[in-house]
Amino acid sequence: MDIRAPEQQYNPYRVYTREQWARLRDDTPMTLEPGEFDRLRSLHDRLDLQEVEDIYLPLSRLLSIYVDATQRLYYAERQFLNIRDRKVPYIIGVAGSVAVGKSTTARVLQALLARWSPRPKVELITTDGFLYPNAVLERHGMMQKKGFPESYDLPLLLSFLSDIKAGRRHVRAPVYSHLTYDIVPNQWAEIDQPDILIVEGVNVLQTGKLPRDGKAVPVVSDFFDFSVYIDAEEAALRQWYIKRFLALRDTAFTDPKSYFNRYALLSDEEATATAIAIWERTNLANLEDNILPTRPRATLILKKGADHTVESVALRRL
Ligand SMILES: Nc1ncnc2c1ncn2[C@@H]1O[C@H](COP(=O)(O)OP(=O)(O)O)[C@@H](O)[C@H]1O
Ligand SMILES: CC(C)(COP(=O)(O)O)[C@@H](O)C(=O)NCCC(=O)O
């Protein structure tokens, strides 16, 4: 009989402190220019030289090993099967709660990976483009469920990923605007045979309900070669969400085109109460029910502390 606590009975991860992980950078060079940090950082997020050196350069080094080994495996298998060689993009998923800083991490990874030699083509896509338009969400009474599994056009996302993996050219993805809080009509992001594609979103590690009849139904992560889950305590996430909401009130919300324009005139107390209400009703509920349960499916977990810096890194054993 196994008398260990349940969480110790099956632990597929090796866990590193920040200091241990930072040492794994070895001689990976810093390829970001000092001026690039502002461009890569999202509102409220923290990103400085130390964070890139300690966390993202070791991760870039590890990813170069994974990408290289996977590409050699693809090539060898194609030779074995006698099939014509073609480019198979390497796909990396970035998951985690709303406001955890997925966008910053995804952009830093994109910038670092694009500077590998010989300069791979690295593209980035966010899954918000696959949300149903507000008109559809409204019709189904789902406006307060944005980010929940049912708010995404999952078949469209799956066919997008399948086209990318199949090496198709000029694959299109719809585009979402945080300003209008809706899908932008007739606008597309075009992805054309990248070497690496980063797919960022709250939903990327979800499996949904598997069919009882054994039919082959893909899930998003079937198309991933590597995935990162960005993790933080709920108290920190809540604070970051409120802080960002207050910052947006003074910036993006003041634009008459902003969906949240009516919040621009709120006092600090009113804005904080509104942010907490949206957090609890939508984003916290989604975190607890649909996002956090996917954490153990990630290849790598970056755990952030309250100041946004990564405190520990867990890497899945191969
Ligand atoms: N209402 C909004 N108006 C303008 N920008 C927003 C709004 N909500 C979020 N953003 C921005 O959109 C990006 C994605 O946010 P989010 O999906 O919460 O993921 P994360 O914070 O993990 O990157 C962030 O850069 C954030 O600052
Ligand atoms: C658009 C989002 C669901 C995130 O989408 P993702 O790119 O992670 O698929 C999220 O930013 C959002 O708008 N949540 C709804 C509640 C809110 O306004 O905060």
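Y181, Y241, F245, F253, Y259, F260, Y263 and W279 form one aromatic cluster. The model is predicted. Two members of the cluster, Y181 and Y241, are also among the residues that come nearest to ligand 2. A UniProt domain annotation covers residues 91-244.

**Aromatic pairs**

- The count of aromatic pairs comes to 14.
- One of them joins Y181 and Y259, with ring centres 4.5 Å apart and 20° between the planes. This pair is stacked, because planes under 30 degrees apart count as such.
- The Y181–Y259 pair links distant parts of the chain, 78 residues apart. Y181 sits in the loop between strand 4 (171-177) and strand 5 (182-191). Y259 sits in the loop between helix 8 and helix 9 (268-291).
- Y181 has 18% relative accessibility, so it counts as buried. Y259 has a relative accessible area of 30%, so it is partly exposed.
- F245 and F253 make an edge-to-face pair, because their planes stand at 75° and the cut-off is over 60. Their ring centres are 5.2 Å apart.
- F245 is buried, at 4% relative accessible area. F253 is buried too, with a value of 4%.

**S258 and the loop between helix 8 and helix 9**

- S258 lies in the loop between helix 8 and helix 9. Y259 belongs to that loop as well.
- The relative accessible area of S258 is 6%, so this residue is buried.
- A polar side-chain atom of S258 lies 3.0 Å from the backbone nitrogen of F260. F260 is itself a member of the aromatic cluster.

**Ligand 2**

- Ligand 2 has 17 residues around it. T127, Y152, Y181, Y241 and N283 come nearest.
- The side chain of Y241 places an N or O atom 2.6 Å from an oxygen atom of ligand 2.
- N283 has a polar side-chain atom 2.9 Å from an oxygen atom of ligand 2.
- D128 contributes through its backbone: a polar atom there is 3.1 Å from an oxygen atom of ligand 2.
- On its own, ligand 2 has 470 Å² of accessible area, and the protein covers 93% of it.
- Helix 9 gives the largest share of the shell around ligand 2, with 3 residues.
- By class, this shell holds 8 nonpolar, 6 polar and 3 charged residues.

**Ligand 1**

- A polar backbone atom of G101 is at 2.9 Å. A backbone N or O atom of K102 is at 2.7 Å.
- R244 uses its side chain, with a polar atom 2.8 Å from an oxygen atom of ligand 1.
- Ligand 1 exposes 560 Å² when taken alone, and the protein buries 83% of that.

**Annotated domain**

- An unreviewed UniProt entry annotates residues 91-244 as "domain: Phosphoribulokinase/uridine kinase".
- The span 91-244 is 27% helix and 25% strand. Its end C-alpha atoms lie 29 Å apart.

Note on methods
Residues are numbered from 1 along each chain as its sequence is written. Chains are lettered from A and ligands numbered from 1 in the order in which they are written. This is a predicted model: local features need pLDDT of at least 70, side-chain atom pairs count only at pLDDT 80 or more; totals for chains, interfaces and linings use all residues. Side-chain values use heavy atoms; hydrogens and water are left out. A polar contact is a pair of N or O atoms within 3.5 Å; within protein, one must be able to donate a hydrogen and the other to accept it, and residues adjacent in sequence count only if both atoms are side-chain atoms. Accessible areas come from the Shrake-Rupley method with a 1.4 Å probe; for residues, only the protein chains shown count as cover. UniProt positions are given in the numbering used here, feature names are shortened, and annotations may be inferred rather than shown by experiment. Helices (H or I, at least four residues) and strands (E, at least two) are DSSP runs, numbered from the N terminus. Rings of Phe, Tyr and Trp (its six-membered ring) pair if their centres lie within 6.5 Å; planes under 30 degrees apart count as stacked, over 60 as edge-to-face and the rest as tilted. Buried means under 20% relative accessible area, exposed over 50%, partly exposed in between (1.4 Å probe, protein chains only). A residue is near a molecule or strand if one of its heavy atoms lies within 4 Å of it. Ala, Val, Leu, Ile, Met, Phe, Trp, Tyr, Cys and Pro count as nonpolar, Asp, Glu, Lys and Arg as charged, and the others, Gly among them, as polar.
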